[in-house]
Amino acid sequence: MKRFLSGDEAFAEGVRLARPQVISAYPITPQTVVVERLSEMVESGQLAAEYIHVESEHSALSAAMGAAATGARTFTATSSQGLLYMAEVLTYAAGGRFPIVMMNANRATALPWNIYGDQRDSLALLDHGWIQAYAENNQEALDLALMAYAVAEDMRVRMPFMVNLDGFALTHTYENVDIPEPSEADAILPPYDAAGNCFDFDHPVNMGYSAGPEFNRYYKYWAHRDMAEAVPQVVSVVERRFEEVTGRRYPGMIEAIDCDDAEVVLVTLGSVAGLARGVVSHLRASGVRAGLLKIRYMRPFPARQIARALHGAEAVAVLEKDISFGAEGTVFTNVNSALQQAGITAPTYNFIGGLGGDNISEDHVVSIFRALQCVAAQVREQGRAAATELPRVTFLGVDSLDPEPGCGRVLGGELRDNGAGCAAPSCDGDGDSSKAQVFSVRETEVR
Amino acid sequence: MNNDVSRIGTAANVPVGDVVRTCEHIPVLRSHLACPPSLDHAVYARTTCYPAGHLVAKNAGWRNIRPVIDAEKCTNCLQCYLYCPDGAIYRVPSVCRPTELADAAAAQATPSCGSDPSSRPEGRFLGLSPQSDVPCAPSLTDVDQGGTSRQVSPGGVAVDYDFCKGCGICVRMCRFWALRMIPESEANE
Amino acid sequence: MIEILWHGRGGQGAFTAARLLGAASSLREGRYALAFPSFGPERRGAPMRAFTKVSDAPIGDRSAVTRADYVVYLDETLLSSGWQAEVKPGGCVLVNSARSAVDLTAAFGDSADAHIIAIDANGISEALLGRPIPNTVFLGAISALGNTLSADEVKQAIRQYMPAKLHEKNERIVDEARRVMREGSVDGKEGTLR
């Protein structure tokens, strides 16, 4: 059934179809609508679940874990400060191997206080043993709700799954989604079988125990191995089943668009991938060998697939909505590691944008590709040392993307000129001229 | 003129820029500060701490109705002043308001709650403590040096239309029918 | 891509209109739409904007609309000089006003590239709904401005996304808005919903 829904509403539909038995949640913008809709469904009887009102996110995840420990399928949702508040429970849920599904509405972290979308919250918590996927649009969000349970609960996986939706860009933006029928959902997702990882009066168990130096590493080894090896395989199986049932096909851990013969590639995740698709399409039509690599899963990290997709690129940009202060964006770090391990030496550049709900425009994305083309041309002409002409880390809206003057002659084709020599927007989405600084002043790279 | 930022809000009738505010604790726009804090992000974005005591934008555009004061009915009970959620109603001090006038206003007033007028302390209320350098507010409508017109009652309250958002709580709280809302289109400024 | 920019005050239903237009516009196969409000502090009476985008291809750009094919002012006090900057050449501005478009352009400026259409949406909705809620009027008006969004699609969206008790009256408002666009009180040139 087709409905015009926001990302929050669409995700709630997906959760309804997954039929969790226990929902425990605390509201926080921009997740609130998910848990509100679910509470309405429980109230109306549309969803038969136990809905626990908790007083904090720490309790929300603790309650979900407690319920999971009784063998129930559970759901919770949060965002930014709420995710951080429950952070200590993330490791409990992961180490305890409870296949909880949590929706995280990606939102900026304080201070300064900000309710709008960026990806700092989840990208700062990649290390805690949760599978992490990022939705590009509301349909993918709804579908991930179902697939997350199927993957998480699979016998080979058994770990919690965080589905990330860009705050406001997805959560509060309305678009058409197809809502599967309950019978289709049941065909994708069988009932939860705790397989012994739960309290049982007939088979008493000791749960949540400690493990000292002589044993601890084995738990961590297997959590790592199961995530790295089992998850990609199970994702593949679940996606194939999903396609058989709904006709919608998902491409696994990453999606590579026009990467095979690409000279310049943009790597990104979440709703920005949707924006970049259109840009790549236009650039290709004008003869630019541009490619897009959309990362769907950040954990486990699909290092080999990323390296394979990028092996022919001459210059790579990673565009993400986070920064690890004093270093670089976390996705950039992960991608660089994958490339290094594969022996790929193409220069890579990090673009930090969208922080605190800042708009990332088509012009921004075009300018990133232009900058990559420029630096690729310079490397071809002058050798690898020319790669440093573009800073390693650029903050959209603060730093410049102004490549060397004279780039225009190397690139050829039409460049919009703002007097600084390269493509530039004159004004960002809401007319805020402070954001027009993107391409105006060149600054030294962040060291 | 007193340009010392730290003294803003500490004395009545302190001129700030070209706007004369006749009472304590009236919010002022940053642009009116003699030494405005820096708007260069290289300066302000190093902490989340910023000089206080001013607002950054007028929100007059939020309203399409505005409260107007009927000075003759106002008894200076100050309920509107206390209940305004945005502090957009301020007290206009007057040492000139004779007690006879105040008594007469109180006697005429017909509060909706029906309490005995003579039992209310407002009948003898004279506004703020007298200050010799504070003039009376002589007229019912006047225009301040900044060009903003205000509705004032003698020794009563006035509406700061730069920051009034038109919520109408003042009208709701007034027991003397001294306040009513009118469409912005009918306001004469 | 067709872009619609809605101006309203909190509580006037600007976002509801944006959403219904998006839903109506994407009912048919092969049509895509996005609808979203401006995100910021909200309260009844505060100016806000909402956006609808419609396209024959999936829409990946989730930025706010800056220049629209149609700009709708649900509250005429939000119309000011400089309105031209928000309309694409050939675009159209619809204003909820009992004044004429001639009066409005005299007050706020004219444009060679875009024109203003004035509709007394408050009056229409007062007559049919008993309250001045102008948003559905503009759904009807936009459907009348071209041939790619039909009255039937607007009504389907009303039936799918509004409470049942509001269906009949709102469908009549759509009809009345279309009649007004066709017959009366429209100064200026016809636009086309491409």
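A: One term first: a crossing is called left-handed if the near helix is turned anticlockwise from the far one by less than a right angle, and right-handed if clockwise. This is a predicted model, in which local features need pLDDT of at least 70 and side-chain atom pairs count only at pLDDT 80 or more, while totals for chains, interfaces and linings use all residues. Residues are numbered from 1 along each chain as its sequence is written, and chains are lettered from A and ligands numbered from 1 in the order in which they are written.

Q: OK, which way does α3(A) pass α5(A), left-handed or right-handed?
A: The crossing of α3(A) over α5(A) is left-handed, where helices (H or I, at least four residues) and strands (E, at least two) are DSSP runs numbered from the N terminus. The residues that make the contact are A:His58, A:Leu61, A:Ser62 and A:Met65 on α3(A), with A:Val89, A:Tyr92 and A:Ala93 on α5(A); contact means C-beta atoms, placed from the backbone, within 7 Å.

Q: And at what angle do α3(A) and α5(A) pack?
A: Helix α3 and helix α5 (residues 87–95) of chain A pack at about 15°, and their axes are 9 Å apart. Axes here are lines fitted to C-alpha atoms, for helices over the stretch in contact, and angles run from 0 to 180 degrees between N-to-C directions. The two helices α3(A) and α5(A) are therefore roughly parallel, on a scale where angles under 35 degrees are roughly parallel, over 145 roughly antiparallel, 65 to 115 roughly perpendicular and the rest oblique.

Q: Which strands does α3(A) lie across?
A: Helix α3 (residues 57–68) of chain A lies across β2 (22–25), β3 and β4 (74–78), at about 165° to β4(A). Helix α7 (residues 138–153) of chain A lies across β5 (101–106), β6 and β7 (161–166), at about 170° to β7(A).

Q: In what order do the seven strands of that open sheet in chain A run?
A: The order is β3-β2-β4-β5-β7-β6-β12 (chain A), with mixed pairing; two strands pair if DSSP finds at least two bridges between them. The edges are β3 (50–53) and β12 (297–299) of chain A, each of which has a single partner strand, so one side of each is left without a neighbour in the sheet. From one strand to the next the twist averages 20°.

Q: Switching to β10(A): why is it described as largely enclosed?
A: Strand β10 (residues 264–268) of chain A has five of its five residues buried, so the rest of the structure largely encloses it. A residue is buried with 20 or more other C-beta atoms within 10 Å of its own, exposed with 12 or fewer and partly exposed in between, C-beta atoms being placed from the backbone. Both faces of β10(A) are covered, with A:Val264, A:Leu266 and A:Thr268 buried on one side and A:Val265 and A:Val267 buried on the other.

Q: Which residues stand opposite A:Val267?
A: In β11(A) the residue opposite A:Val267 is A:Leu293, and in β13(A) it is A:Val318. β10(A) pairs in the parallel sense with β11 (residues 290–295) over five bridges, and four bridges join β10(A) to β13 (residues 315–320), again running parallel.

Q: What about the other helix pair, α11(A) and α12(A): at what angle do they cross?
A: Helix α11 (residues 303–310) and helix α12 (residues 330–341) of chain A cross at roughly 75°, and their axes come within 9 Å. That makes α11(A) roughly perpendicular to α12(A).

Q: How many residues of chain C are in contact with chain A?
A: On the chain C side 16 residues are in contact with 21 residues of chain A. Both α1 (14–25) and β2 (32–37) of chain C supply at least two residues of that side, and the largest share, five residues, comes from β2(C).

Q: And where is C:Leu27?
A: C:Leu27 is in the loop between α1 and β2 of chain C and is partly exposed, with 19 other C-beta atoms within 10 Å. Not counting residues up to four places away in sequence, C:Leu27 touches C:Glu153, C:Gln156 and C:Ala157. C:Leu27 and C:Glu153 are 126 residues apart in sequence and 7.0 Å apart in space, C-alpha to C-alpha.

Terms used
Contact = placed C-beta atoms within 7 Å.
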